[in-house]
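Please keep the sequence and the model in view while reading.

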Amino acid sequence: GWNHVMLVYSGTTLKAFLNSSSIGTNTGMYAISTETLKLGRWVPNNDYAEANIDEVSVFSSDESPNLDIIYNSGTPGDISSLTPLNWWRMGEGSTFPTINDIGSGGSNATMKNMSSANFVNDTPL
């Protein structure tokens, strides 16, 4: 099945949510990096997840008050009214291997280590 994960970092607090429920909060300083965002890869061990990833968005503000809108009972919806900085829908309007950023950031993504056979335009259940 599909799961929705939201991470919010604000100042010195990191909040985590799974399927619209809080799963924890941690405080501390986290390094901000200019590294490339890599989804599905655990860099220290060079491991890759065997998973499907869809509907990735990045916001420049804490959107946890809008969690129910973003989660939408587990069905991806239109979040354009929340003005995401980056929003990669992972298929819709994209052509393999490029994933178009339909947020305001304009940072298209490139799929690596997968074939075009794995690229599908469907709706998660």
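The points below concern a sheet and a glutamate. The model is predicted. One topic is an open sheet of 3 strands; the other is Glu63, a buried residue without a salt bridge.

**The open sheet**

- The strands of this sheet follow the order β1-β2-β3, and their pairing is antiparallel.
- Its edge strands are β1, covering residues 5-10, and β3, covering residues 21-27; each of them pairs on one side only.
- From one strand to the next, the twist averages 15 degrees.
- Strands of a sheet pair through backbone hydrogen bonds, in either a parallel or an antiparallel manner.

**The pairing of β1 and β2**

- Strand β2 spans residues 13-18 and pairs with β1 in the antiparallel sense over 6 bridges.
- Ser10 has Thr13, in β2, as its bridge partner.

**The setting of Glu63**

- Glu63 is located in the loop that lies between β6 (56-58) and α1 (67-71).
- Residues up to four places away in sequence aside, Glu63 touches Met6, Ile70 and Leu82.

- Although Glu63 is buried, it has no salt bridge.
- Lys15 is the nearest side chain of opposite charge to Glu63, at 11 Å; a salt bridge would require the charged atoms to lie within 4 Å.
- The side chain of Glu63 makes a polar contact of 2.9 Å with the side chain of Ser61.
- A polar contact of 2.6 Å joins the side chain of Glu63 to that of Asn66.

Technical notes
Residues are numbered from 1 along each chain as its sequence is written. This is a predicted model: local features need pLDDT of at least 70, side-chain atom pairs count only at pLDDT 80 or more; totals for chains, interfaces and linings use all residues. Side-chain values use heavy atoms; hydrogens and water are left out. Two strands pair if DSSP finds at least two bridges between them. Helices (H or I, at least four residues) and strands (E, at least two) are DSSP runs, numbered from the N terminus. Axes are lines fitted to C-alpha atoms, for helices over the stretch in contact, and angles run from 0 to 180 degrees between N-to-C directions. Buried means under 20% relative accessible area, exposed over 50%, partly exposed in between (1.4 Å probe, protein chains only). Lys and Arg count as positive and Asp and Glu as negative; His and the chain ends are not counted. A polar contact is a pair of N or O atoms within 3.5 Å; within protein, one must be able to donate a hydrogen and the other to accept it, and residues adjacent in sequence count only if both atoms are side-chain atoms. Contact means heavy atoms within 4.5 Å.
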